[in-house]
Amino acid sequence: MKKFLALLLVCVLAFALVACGSDVKKDEKADKATDAPKTTEAPETEAPETEAPETEAPETDVPETDVPETDVAVMSYEDFLNAEIDDEIVVETYVQGKQSWWDNKGTFYTQNEEGAYFLYEMGCTEEEYNALTVGTKIKVTGYKAEWAGELEIMDATFEILEGNYVAEPIDATALLGTDELVNYQNQLASFKGMTVEAIEYKNGEPGDDIYVTLGLNGSSYDFCVEVYLTGTDSDVYTTVGALEVGNVVDVEGFLYWYEGVNPHITAIEVVG
């Protein structure tokens with residue numbers, strides 16, 4: 001009986017050892033399964049950013065094209081006469097008389113060797129007006145105009161040039177009453193042997209223009225002492241104011257035009 005129990009105990013023990021070994025193998029398999037290397041994701045590699053080089057279009061110098069100037073060339077007196085009203089005018093001329101200045105504008109009688117130009121309200125400061133003495137040469141740019149038959153240059157600017165010229169009066173006595181007289185418009189002229197027919201102050205009394213009617217060979221002509229040109233204290237203003245009908249006079253003045261010949265007197269001498 002004891003042998004049987006011992007044998008039985010040995011069998012049970014052997015069976016237990018076999019079962020234990022089986023579990024160990026299962027655990028080893030399990031450990032191997034968990035210890036297997038995990039599949040690793042390949043690291044994300046960012047492609048280096050390559051910026052395309054900025055290529056600037058080559059700068060090409062475009063040649064500048066100068067806009068042609070439209071300046072009018074300096075005109076002769078004949079060119080001036082042939083120009084249309086409102087045409088741009090450029091002339092070189094010389095100051096011969098100054099009529100007035102106000103509001104940065106001056107009015108001038110000018111002349112060169114070919115003809116004369118009346119500059120109406122040319123832009124200039126008072127200082128410039130005073131500096132434009134008789135004989136001063138200037139280049140004038142403006143526009144041709146006409147008022148009551150008088151040819152003018154308006155909206156003018158000027159440039160002082162080198163040179164000096166003082167015109168001698170032309171004797172226009174024989175031209176009175178002819179169509180040719182207008183060709184000498186605004187020039188300094190003389191008229192001789194004229195007879196006084198009437199004297200009248202513009203406003204009825206001294207201090208303003210004096211209208212003078214002079215006769216020659218049975219015809220009458222209107223002259224004027226322009227107060228802005230001569231002033232009231234000048235010899236010519238005083239002399240004309242003292243004239244009497246029937247006096248014979250020699251007259252000098254600018255051959256201004258107003259609905260016909262209307263010279264502006266600058267000098268007068270009683271000769272009879």
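Author: The largest pocket has a volume of about 660 Å³, where a pocket is, on a 1 Å grid over the protein atoms alone, an open set of points where a 1.4 Å probe fits, with protein on both sides within 12 Å along at least five of seven lines, and a volume is the space filled by probe spheres set on the points, which are joined across faces, edges and corners. This is a predicted model, in which local features need pLDDT of at least 70 and side-chain atom pairs count only at pLDDT 80 or more, while totals for chains, interfaces and linings use all residues. Residues are numbered from 1 along each chain as its sequence is written, and side-chain values use heavy atoms, with hydrogens and water left out.

The lining of the largest pocket (residues with an atom within 4 Å of a point) consists of 31 residues, and Trp 147, Asp 209, Glu 226, Tyr 256 and His 264 are the ones nearest its centre. Two or more lining residues come from each of strands S1 (88-102), S3 (116-123), S7 (188-201), S8 (210-216) and S9 (219-225) and from helix H4 (227-230); helices (H or I, at least four residues) and strands (E, at least two) are DSSP runs, numbered from the N terminus. By class, 15 of the lining residues are nonpolar, 7 polar and 9 charged, with Ala, Val, Leu, Ile, Met, Phe, Trp, Tyr, Cys and Pro counted as nonpolar, Asp, Glu, Lys and Arg as charged, and the others, Gly among them, as polar.

Leaving aside neighbours within four places in sequence, Met 194 is in contact (heavy atoms within 4.5 Å) with residues including Leu 176, Leu 214, Tyr 221, Phe 223 and Val 248.

Lys 192 also lies in strand S7, but this residue is partly exposed, with a relative accessible area of 45%. Beyond residues up to four places away in sequence, Lys 192 touches Asp 171, Thr 173, Leu 216, Val 249 and Asp 250.

Terms used. Buried means under 20% relative accessible area, exposed over 50%, partly exposed in between (1.4 Å probe, protein chains only).
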